[in-house]
Amino acid sequence: EQYVISLKSEQLQPNTICTYQRIVAYLLLYCEEEKSYHLVTDLVSGDIRDFILYLYNHGYFRPTSITSGLSGLKRFLALYPETEHLIMELPSRLPRERNILEIYDAAEREAINRVLSDDSLTKRDKAICLLLLETGLRAVDICNIKLTDIDWSKDIIYVKQQKTGNPLYIPLRKSYGNAIADYILNSRPACKSEYLFVRDLAPFTRLNGEGSSIRMILLKMETLAGISNKSRSSGSRTTRHNAASAMLRAGVPMADISAVLGHKDPNIVSVYLS
């Protein structure tokens, strides 16, 4: 009651007060039922951390709600000199909820392979789709590949990732390597652009780095393969997850998958286990 009075004195919004009141009520119940404490001041180091894990494990709060309530917990702990030091245990941020991203199933992969084996797509679009599916590159990084980034003698494509700024060395596999060569030699417009993939029509500038051009190419591939995207977004995010999942199925170690995808933090790859 003292806590709610203090919140109202700050003239907070009613829904904010409700969120703060709820998470503190759970803290008090946790202290009483799980820790057998009789006073708030019985709280010791580690209790706040364990309480947040308790909320996660018992599903009392969604992660976004816990994040919203952290400020309320901070206010509550600050009410008592004996608990003020526990504010340091409050995390600065909590993991975001992530939906499991749908990838291509076996039948869809087979249909895609058929499309990529015939002349349904242009040489440029075929090369781009193969790169996306086999390397897991981001759309913006594919758009930024320059002709000089391909080392044909060493069979390597040098990529500087826009998201992380880190360099990435992609092996030039026969599948997309031959498709890239076929595009350069037989289909790429004669132009002065330094970028590998350019527009089909003048002006022959590089493809849209925002990803809309790549998304349209993938939509075309999926349409030709008879794949519906109603329950799944289309874009390089899907092909990136698909590439990672394919490597997981093939037994590639997580550290190697992280290296191939160019993750700044190797732990990020764990999301693909879903």
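These are my notebook entries on a predicted model of one protein chain.

**Ground rules.** I number residues from 1 along each chain as its sequence is written. The model is predicted, so I take local features only at pLDDT of at least 70 and side-chain atom pairs only at pLDDT 80 or more, while totals for chains, interfaces and linings use all residues, and side-chain values use heavy atoms, without hydrogens and water.

**Overall fold.** I looked up the secondary structure first. The protein chain has 11 helices and three strands. Helices are DSSP runs of H or I with at least four residues, strands are E runs with at least two, and numbering starts at the N terminus. From the N terminus, I read the order as α-α-α-α-α-α-α-β-β-β-α-α-α-α.

**Burial and surface.** Of 274 residues, 41% count as buried. Buried means under 20% relative accessible area, exposed over 50%, and partly exposed in between, with a 1.4 Å probe and protein chains only. I then checked contacts (heavy atoms within 4.5 Å). Among those with a separation of 6 or more, 58% join residues 24 or more positions apart.

**H1 against H2.** I took helix H1 (residues 2–9) and helix H2 (residues 14–33). Their axes lie 11 Å apart, at an angle of about 160 degrees. Axes are lines fitted to C-alpha atoms, for helices over the stretch in contact, and angles run from 0 to 180 degrees between N-to-C directions. H1 and H2 are therefore roughly antiparallel, a label for angles over 145 degrees. The contact uses Tyr3, Val4, Leu7 and Lys8 of H1, and Ile17, Tyr20, Gln21 and Val24 of H2. By class I list six nonpolar, one polar and one charged residues. Nonpolar covers Ala, Val, Leu, Ile, Met, Phe, Trp, Tyr, Cys and Pro; charged covers Asp, Glu, Lys and Arg; the others, Gly among them, are polar.

**Aspartate 47.** Buried or exposed, I asked of aspartate 47? Aspartate 47 counts as buried, at 3% relative accessibility. I find aspartate 47 in helix H3 (residues 47–58). Leaving out residues up to four places away in sequence, aspartate 47 touches Tyr30, Lys35, Tyr37, Asp42 and Glu89. Its C-alpha atom is 9.7 Å from that of leucine 27, 20 residues apart along the chain.

**H6 against H8.** Helix H6 (residues 123–135) and helix H8 (residues 174–186) pack at about 155 degrees, with axes 9 Å apart. H6 and H8 are therefore roughly antiparallel too. Residues in this contact include Ala127 and Leu130 of H6 and Ala179 and Ile180 of H8. By class, I note seven nonpolar, three polar and four charged residues.

Notes: Angles under 35 degrees count as roughly parallel, over 145 as roughly antiparallel, 65 to 115 as roughly perpendicular and the rest as oblique.
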